[in-house]
Structure formats: structure tokens, C-alpha cells
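Here are my notes on the model, as numbered points. Please read them with the structure open.

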Amino acid sequence: MLSTEVFIVASLVKIVIAILVLLTAVAYSVWLERKVVGHIQNRWGPTRVGPFGLLQPLADGIKFIVKEDLTPPHVYKPLFIAAPMIAVTCALTSISVIPIGNWITVFGYHIPLQITDVNTGLLVVLGVTSIGVYGVALAGWSSNNKYSLLGGLRASAQMVSYEIALGLSLVGVLILSGSFSLRDIVNAQAGTFWGFIPRWNVFYGCQFFAFFIYLMAAYAETNRIPFDLPEAETELVAGYHTEYSAMKFAMFFMAEYANMITVACLATLLFLGGWRGPVFGPPLLQALLPVFWFVAKVFVFMFIYIWVRGTLPRFRYDQLMAFGWKFLLPLAIANLLITGFIVAYRS
Amino acid sequence: MLHLILFLIFGSICVAGAVNLLVQRHPISSALSLVVVMASLAVEYLLLGAEFVAAVQVIIYAGAVMVLFVFVIMLLNAGAEERTQGSRVALLLGVPGVLVGGVLVAWVLLRQSGTQPVALGALPGYPKIIGNLIFHDFLLPFEVTSILILIAIMGAVVLAGQPATQSQPGEER
Amino acid sequence: MTPSLHLWLIAVLPLIGAAINGLLGRRFSRQTVAAIALGFCGATFVWVLFVAARFSSLEIPHVEIVAPWIRSGGFLVNFEMYLDQLTLVMALVVTGVGFLIHIYSIGYMWEEGGFYRFFSYLNLFMFFMLTLVLAGNYLQMFIGWEGVGLASYLLIGFWFTKDAAAAAGKKAFIVNRIGDFGFLIALFLMIKHFGSLDFLQVFGRVESGLEQGTVSVGLLTTIGILLMVGAAGKSAQIPLYVWLPDAMEGPTPVSALIHAATMVTAGVYMVARSHLIFNHAPDALTVVAVVGTLTALYAATIGIAQTDIKKVLAYSTISQLGYMFMACGVAAYSAGIFHLMTHAFFKGLLFLAAGSVIHAVGGNQDMRSMGGLKHYIPVTFWTMTAGTLAIAGIPPLAGFFSKDEILWQAYQSNGAYWFLGVVTAFLTAFYMFRLWYMTFFGEYRGGAAGPGHDDRHGHGAPHESPNLMLVPLIILAVLSVVGGWIGIQGVFEHFLAPVFNGGKALAEATPEAAGHGTEFLLMALSVTAAGLGWYLAHVLYYRRPELPARIAVALGEFYQAVVHKYYVDEIYAALFVRPLVDGSTRILWHGVDQGVIDAAVNDSAQGARHVSDAARHMQSGNLRSYAGWVAAGGAVVIAYMIWMGVR
Amino acid sequence: MVPLSYYLVLSGILFACGVIGFLIKRNIITIFMSIELMLNGVNLSFVAFAAHWQRLSGQIFVFFVMVVAAAEAAVGLGIIIAVFRTRETLNVDQVNLLKL
């Protein structure tokens, strides 16, 4: 057990590293998206700034910071300012309970690759995500703009609705692992069965339906295509962030991509065995390989996100609601029942 | 000591939020104050060891119920409160009554203080134990509340649903 | 142990028929309804015949307990079926005549609305009547007793849209209640003193109680007179006969079945069944005899002046019932039952024939507008003739044997009974032949169809009824002719002797002093009286039809009194009905109901209104005001609790 | 170590704030929020008592209160929407038809 001082110092270091890595990841996922979508649409994407446009995110960041921060008249100012902060804060906070690897030993201290491991880690993520709704809703309302208001309304309704399907799809995993702690959940997926298939929940726990539900609900939660109704450009200009500009707009942008990453991390942890993967080689490689596997899996998810965005058209709003309530929710409940039977059968 | 400090910090945030709820005239500000109250109450629950309660408090109360409130406020486009004087009884009788009652209770409680301190995280409410309790000892109330929820869902659908005669959706805006 | 005969089936079969027709009959066709009613009634009759066939092999009395009913301390009442010779005779009469009348009704009621209702009621009546007859204890008998009253009420008021019918139904019901009251008190007395209502136990305890001196003759007399009150109500004896003439408002088959053949004889049956009590209470027997004799004479005199064909028959029924009670009153129960049986045949016949006549002339019941129908409806005429001869006591028809038996027994008991009986026989012959002549001879006095209940089919000339109605008439006519022959040489009496052996002993106590010579003399006298009556009717209504009017004028007041049935209905109205109505109106309605009960309710409502007028200002409709009150109240409660805690 | 009574007093303050909000607020939605505030105050004392008596049933009660609150919010907000549709106002002082 670490002493309090070491714990605090280690935690601070981990926080700083995590935020830096996360923001970088956010920036480069934007780049990745532009690049991939570009190729899907038979374009090049960013190419001018740096090799393959690799410095484009940096340029964008500079642009956001130096642009004029415009506050339109007749907005409800306190909330107008607070809304993007709430959004980005919640998006960044949820990363704090996500483990990206096993324990490592640094300077003789045995430290987990996770900012903090709490008993109710998954609940923390869910709670923080659900608070994040306020950012979108309040942004829409405080802008004093009908498009924004509609976007905010849609966002809050959509996120509250899909949160139920999302939460229920996770319950099957929880039944299998018997814990809310993300680290425990990953540990429960260790090993293989039938000799070679990893005991990931999506395989061994028969959670493919849950995985599918989670994926759908996650797209809706993060307001991504095909569920990006709150910011549907053709109907609502830009939805809840129509009136935002400069750094405030950047915050929403960051929040969206940070949420995508968080959701991808969760999917990896819950269904695909987290950092579990073949580990070999020298000690240093053994320490880093789990992290590599984790990042690789998350990357796959991010790629699928972008791929879907480049491929699928947008839903209509009533289709979206009907899909969530009438299809995903019953399916999630059925999956829950089946999982219960499976667990009861195995024990 | 840490316990007391944390208690005081979040307790004052709590009270500040509650008072802000009263003072603010716009319902959305009141709603956000209430979210603050709930969030800091969740921290108080954590201090008492009820971590599952705290998580549920955030997810259900702050994340769902209050979102619903905010949603309705946005939907009805509720403006700032009007200062009508509909009831003298409430002001002349009710508020003093509450103050008297509150002060009396506080006085009694504080007279008893110091006798039974509560330790930090005194009673860890792990989800497993709570689940066992709900699904064994409290199964009947649990089922009854599930029926209550079902009825509430149906009631809400009936109440808020469009009357069959109104043909145009969104007409009430 | 004799094997069970499932006697309960006899009672329950008609009930099933009644239930099917009553509950579902509305959707059935008339054919279906008739088939159901007739099927269940016929099945009952067949079962009774089956029981009769097995009868000789049974120990008598044969009791079948179906189920316990009331169990209270030592007091036990069962649902039980009781079978002895008396029961068998009654059951045969009820089911046999009932079956015939069911057949007749199909023809008679075919055109009427509420066809299924009629047959449902009719089957219901059969159920209750058989319950009454087969009862093994007084309580079950009482159920049947009340039930036949109910069926009678329903059937009298069958055409309930007619005021007179509804009123007649109510009258029958209420007058019967008075009788039932007496019956009930008699039952209570039995429970109190004998601790049972079971026939065998009650009679056994009467005997043993008399021996041990625990039962006094006075008690038996009281019970007997109360039973007689009940019997008088059901069997239309003085002073409770008033309902029966009015009951003629019901359909004619009902009059035949209920108000001539079966239900009204329930009183006679009950007295006969209770003969052990009456035998030990001579005063009660005297009451029975006197009431019977007076009723016989009295009703016969009224019958003379009636012009409504059914009313004549109704008074005739009362009169004949009087004969039966006279027989019971002189402890000649088997003679009474014998007359009951023959009466069921010929009076059923007469009513059915009268129904056929009414049918023929299109619903008119007034004899003054009939006449000369002999040629139009020959079958009805000949059957009616058989019935008339039978009731008049012309040998060798049924009425002769039974009436003669009664008069012979009466003569042995008291000459006065015999004399009045013979006078009644004369009057009976007179008014029956009067009816016969007025209806069938002379000129047809009716024009087109008169007003009446079944005038729907427009009538030209009178016409014969359908075969469905004629067949029962013929069968009953045959029975009326030959039914009395089983009384020859005392065969019937002998058959019933085991039941009435107590009565037999009493009868034999008076030695056959008069001997056969006297019996033949008396027989000749009564036949002469009947012949005289016939002759007088022949003179007045056939040869010189103008004479009756002159005689009526000559008699003046007395004739008017007879026409108006001695003003008994008016006297009853003045004595009982008006005071009751006035008292209810003035005291109970205006005084108690409006003055006390309504006033209490209204005043408290007024008070509540005044109080709430003051308090309603708290109900401002403002949510926050309500909350203010709640908060203030909560503060008061908290303060009170803390104050209590501190103290 | 915090005395139990501190938690209870905090709970009482929240509850009193809720009642006062109910009394002085005119907006029906805010009044509804005051009710939620009261429920939260009560929840706190439930949890505090649970810790005090070392009995988890106190925390279970909190869940039931939450369930009831959620149901109440669903129905209550439905009612509010229905009232707003017919009365065009959210001010409870103007929604006072239910009287003599």
C-alpha cells in the first residue's frame, strides 16, 4: 500500500499525463476522422500542415485560441459560459476511473495504470456522463436561439432515453463479473476457452447482443452519426452550439471526441477484455504490451466510429426514439434475462 | 478532522444551493441549484460510506430526474417567476411555522450533539450487500415500487400525451 | 333398508325446466319452450309412476334424507323426501293433472306474449308443489307452501299490464300472508314444544307427550287452529277466501291447475298430514268442520248469482274445498283426500272446458252473452257435461262417490253438517246446470268478439279449440267419469288407511249404527237434491229464461247482496284496508317518515351546510395556502411533541 | 468524526428550505423542485441513521424514496404539461379553480 504522500504525488502525475494524452488523442482523432472520411469520400483530407497534415490539430488549436470569443446579445450569460465547461469537464472526468493496463513498478513504487480504482467505477462513469447532458441542454437553452433550443431539447431527450438502453446492456456484464470495478471486470475476462478464444465477455459471456446495444446507444449518447440529430446541420444549423465560437466551441468539440474515446475505452474494458492480449518478450515489452493492446482496441473502435460516420445517413427523430425505446430497450431486457439464465446455468 | 472539514464544505455547498433555489427567480437556475444540492449530497453519502447510494443519487436524481425537470422547463419555455400575492396564509402562517419548527428541531438535535459521532465511511454500502437486501429482505416493497413505477409511466404517458382530438403535434408551443 | 328412489328428482326436474325456460327461454322458439316444459313435467310424471310401481315393495313411510339444512343445537332440519300413501296420491294428482294442463296450456297460450315466462312459472309451480307434497318436515313444507304462493302470484299477475290482474296477484299474495302467519306461528309453537319439525318426530312426540302429560290438549288445539288459519288462507276458506275469485284474472290453465286442482288443496293436504294433531284436539277439528261447512254453503250461494263463467267455477271451487274441510273436520281424512282427487279431475276439467269456451267465443267470460254453443263446440260441450254431472254428484260419476262418502261420514258425526252439505249439493247442482244451460243451450247471444285478454285472433262464429286442448279435456272427462270408482267398497279408504289409522280408529269408534240401509237412504237423498237442482236450473234457464230476472226483482236486496258477494270485499276494505292505508299515510308517512326521519336528515344537512359556509373560506383553491396551513400545523405538532418531551 | 446531529440538522435545513420553497415559490415547477429538495433532506437523514445504527435498511429506504420521487416526477411533470396546455400559465396563484 502506498503512503498518502506518494499516492497524492503519483495521482497528480497520473492526472497530468492522462489529461495531456487524452487531449492529444482528441486532437488526433479529429485529424484521423478528417483523414479517413476524406479517403472514404475519395478526397485527401488535411495535407498542407506538416507531413500528411499531421500538424493540422495544432494549427486548429491555435486558431481556436486566438479567434474572437463572441458572446451574442440576449443570451443567458452565466449558463452560456458554464455550459461548455460542464460538457468538457464531465467528458474529461470520466477518464479518471479507466484502467489502461496492469500494475507497473516505477522508482520502486507499485502503481496501477489508472488514476484511481473505485469500487463503483462503472457507476462513476455513468453518473458523470449523465451530468454531461446538462452541458448540451443548457447550451441550447441559454443561447436564446430556436435552433439551439431544439438541439438542446433533442440532445437531452435522446441522451436520457439511450442511457437506459446503455445501462441495461451493461448489466449483463455486471452479472458476469459481479463487480462495478472496471479493473475487476477486466480481470474476470482473463484467460481463454476452447484453447484459443479469449474469454472476453463478448465471446464467452454471450454478450454480443449487449455489445451491439451498447454500440448503438453509445453512438446516440455521443451524438454521433447516425444519431447526430442535436446538431443536424441541415435542420438546425449546428444545433446546440450554433451560437458558440472560438474556445467555447472548441470545448464542445473536445467534449464530443473525449466522450467518444471514453465510450470506446468502456467498450474495450467491458466487452473485449481491456488490456488482455498476448504478452511476451523482455520485461519492458511485457509492461508495455497490455497498454498497446488496449490502445489498439480503442483505436479499432474509433475507426469504426469514423467509418460509420462516413457511411450511414442520419435517422429521423421519431425513428431515433422508436429505435431506442421499442427495439434496443426490449432487446436489452431480453439479453439481461438470457445472461441471468446463463450465469445460473454455469454456477 | 478531515471528515468534519469535508462535511462542512459540502454541507455549506448544499445549504447554499438550497438557499439559491429559493432566491433565484428563474426556474432553470433553481433547477441547477438543486443539481448542485444533489451532487454535494452525494458526497455526503460517500462520507457516510454509502457509495452505491451516492452513485445512484447522481445517476438517477441529478442525471435523470433533474434532466427531466430541465427538459420540461425548456419545453414549456418557462420564464422568470411572477411576484403574485395569491396567498397571505403561506407567508404569514406557513413560513413562520416552518422557521419555528426548524429551529425547535435543530435546538433539540444540537442539545444532544457530541454524544454519538459517526465515523468516516461508517457503514460501507457495497452494491452486493444492498442487492442482497433488496432482493431478499425487501423483495415485496421492491415489487410494489416496480408496479408503482409502471403505473407512473402509464400515467405520465396519458397525462402528457396529445389529446386525441388535437391533430397538430407541437400545437401547444 | 329400501333402495333409494331418488325422490328428490321428482321435485328438481320441474325446477330444471323452470330454470332453463326462465333464464334462456327468451331466445328459444315456442316449440322449444313447450318441449322443455312438457319434457320435464312429463319426466316428473313418469318418475312418479315409477315410484308408484315400486310402491308396494317399500316400507312406509319411506324417508330419503337429501342433505342436512339447518343444524342449531339439538334442532335439526333436513332436506328430506317423505313418501307414504297420502304423498303418493297427491304426487300422482299433481303431476298427472299438471301434465295434462301443461299440454292444454300449449294450445291455450300459443298466441300469447311471454310464452316462455308462462311455462317457466308453471314448471316452477310444479317444483314448489311437489316440494310441499314430498316434504318430510313442516319447514320444507312451508318452503313449498310459500313457493306455490309465489308461483300463484306470478301467474295471476301474468298479464301484469292489466291493472286488475296485478291487483289480483297482490291481493292473493297479501291474503295468503295472513294465513301463512298463522302457519308460521304454529311452526314456532312446534319448535318450542316438540323441538322438531320432522313429521315423524312431531307426531311421535305428540303421542308420547300426551301420555306423559307434557303436552296439553290446549296446546294442540292452538296449533291446530293456527294450522287451520294457514290452510284457510291457502285453500280459500272463510274468512280468507276473498283472493280466489279475483285470482281468475290469471290465464285459465292457471286457474285450472293452481286455483282448482292442486295449490288450493294444499290446505286440505296439510290438515290431513297433521291429522294426528287434530285428532287429539277435538275443538280444532270442530273449527275445521264448521269453517268447511259454512264455506261450502256460503260460496255455493254466491255462485248462484255470478255471471262470469270463471267466477262461478271459482266459487264452486271454494265450496268444494269447504266439503273437503268438512270431511277433515269430521276426521274422515281419506274421504277428504278422495274428494280432493276427484275434484282435481272434474274441476280441472271444468276450468279447462271453460277455458275452451272462452277461447271459442274470443275471450269473453260473461255467460249472458254466450248460449247455444252446443253445436259450435261439441267436444267441449260433452266434456263439460261430464264435468257438470260429476260435480253435481250424479251417479256413477266421480263426484257422486266422493261427495257421498263425505256426506255419509258427516252424517255419522253430526246431522247438521250433513244437512248443510246436502243443501250445498243442491245449490251446486243448480248453479252448475245454470252455467251449463246458459252456456250451451238457447240462442247464441254473443255478437262479435267481446273485450278480453286473448281477443287478438278476430272471431266470427265460435269455433272449436285445437286438439292440443281437446285431448286433455277428454282424458280428464274420462277420469271424471271413472275416477270415483276406486272409492267403491272403500278401496281408496283402505289404501290410505295406514296413514290415517289414528283417524280410522276414531271413525270406527262410532259404530256403523246406521248400517248400509241408512247409507243408501242418504245416498238417495243427496242424489235427489242434485236432481232437484238440475230440474230447477232446467226450468229457470232452459224452459222459461225470463223467470230469473223476475225472481231477482222479487228477492230485491238479498239478491243484490248475493251478486255483490255479500259485500265481503267492501267490509274487508272498510275494516282492514282503509285504516291501514290511512294510518300509514297519516302516522307513518307524514308523521314518522317526513316528521322525524326526513327532518333529522334534512336538519343535519342544514347544520353541516351552515358550518361549512363558515369553514369554506379556508378552501381558497390556492396551493400555497394549503401548504401554509400544513406547515403551521406541522410546527404546532412539533412544538407540542417537544414540549411533551421536555416536560 | 462528525456527530450524527450535524447530519440531521443539515437534513432538517434542507427540508425546511424545501418547505419554504413550497410556500414562497409561485412557479409550479420550482414548487415541484422544492418537494424533491425535501425528499433529499429526508434521504440524508436515512443514510445518516443507517450509519448510526449500522443497519443497511436505512440505505434501502433511500432507494425506495428515489423510486417514488422518480415516479412522482414523471407523473407530476405530466400534470404540469397538461395544466400548462389548458391554463397557459405555470403560476400556482392563477391555478385555483379547485375551490367552493
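**Notes on the predicted model**

1. Chain C has 26 helices and two strands. Helices (H or I, at least four residues) and strands (E, at least two) are DSSP runs, numbered from the N terminus. The model is predicted: local features need pLDDT of at least 70, side-chain atom pairs count only at pLDDT 80 or more, and totals for chains, interfaces and linings use all residues. Residues are numbered from 1 along each chain as its sequence is written, while chains are lettered from A and ligands numbered from 1 in the order in which they are written.

2. Burial and contacts in chain C. Of its 647 residues, 52% are buried. Buried here means 20 or more other C-beta atoms within 10 Å of the residue's own; exposed means 12 or fewer, partly exposed is in between, and C-beta atoms are placed from the backbone. Take the chain C contacts with a separation of 6 or more: 81% of them join residues 24 or more positions apart. A contact requires C-beta atoms, placed from the backbone, within 7 Å.

3. The two strands of chain C. S1(C) (residues 62–72) and S2(C) (residues 75–83) run antiparallel and are joined by nine bridges. Strands pair if DSSP finds at least two bridges between them. Pro68(C) faces Asn78(C) of S2(C). Two residues lie between the strands of this hairpin, and Gly73(C) there has a positive phi near 65 degrees.

4. A helix pair in chain C. H5(C) (residues 138–156) packs against H6(C) (residues 163–194) at about 175 degrees, with the axes 8 Å apart. Axes are lines fitted to C-alpha atoms, for helices over the stretch in contact; angles run from 0 to 180 degrees between N-to-C directions. The two helices are therefore roughly antiparallel. That label applies over 145 degrees; under 35 is roughly parallel, 65 to 115 roughly perpendicular, and the rest oblique. H5(C) contributes residues including Phe142(C), Trp145(C), Gly149(C) and Tyr153(C), and H6(C) contributes residues including Ala168(C), Ala172(C), Phe173(C) and Phe183(C). By class, the contact has 13 nonpolar, four polar and two charged residues. Ala, Val, Leu, Ile, Met, Phe, Trp, Tyr, Cys and Pro count as nonpolar, Asp, Glu, Lys and Arg as charged, and the others, Gly among them, as polar.

5. The cores. The largest nonpolar core has 212 residues, and Phe125(C) and Val288(C) touch the most other members. Such a core is a set of buried Ala, Val, Leu, Ile, Met, Phe, Trp, Tyr and Cys residues joined through C-beta atoms within 7 Å. H15(C) (residues 333–360) gives the most to it, 18 residues. Leaving out residues up to four places away in sequence, Phe125(C) touches Val148(C), Ala151(C), Leu155(C) and Ile258(C). A second, separate core has 186 residues, among them Ala155(A), Ala210(A), Phe294(A) and Met38(B).

6. Chain B against chain D. Here 74 residues of chain B contact 64 residues of chain D. H3(B) (51–76) is among the elements that give two or more residues to the chain B side, and H3(B) supplies the largest share, eleven residues. The chain B side divides into 54 nonpolar, 16 polar and four charged residues. S1(B) also pairs with S1(D) (residues 2–3), antiparallel, over two bridges. Pro117(B) has Pro3(D) as its bridge partner.

7. Chain C against chain B. In this interface, 13 residues of chain C contact 13 residues of chain B. The chain C side has eight nonpolar, four polar and one charged residues.

8. Backbone points to check. Most residues other than glycine have a negative phi, and most peptide bonds are trans. Ile238(C) and Pro239(C) are joined by a cis peptide bond, omega about 5 degrees. Pro239(C) is in the loop between H8(C) (217–235) and H9(C) (243–246). Ala236(C), in the loop between H8 and H9 of chain C, has a positive phi of about 60 degrees. Ala236(C) counts as buried because it has 30 C-beta neighbours inside 10 Å. A cis bond also joins Pro395(C) and Pro396(C), omega about 5 degrees. Pro396(C) sits in the loop between H16(C) (378–392) and H17(C) (398–413).

9. Asn42(A). This residue is not a glycine, yet has a positive phi of about 65 degrees. Asn42(A) lies in the loop between H1(A) (4–40) and H2(A) (56–66). Is Asn42(A) buried or exposed? Asn42(A) has 6 C-beta neighbours inside 10 Å, so it counts as exposed.

How values were computed
Two residues are in contact if their C-beta atoms, placed from the backbone, lie within 7 Å.
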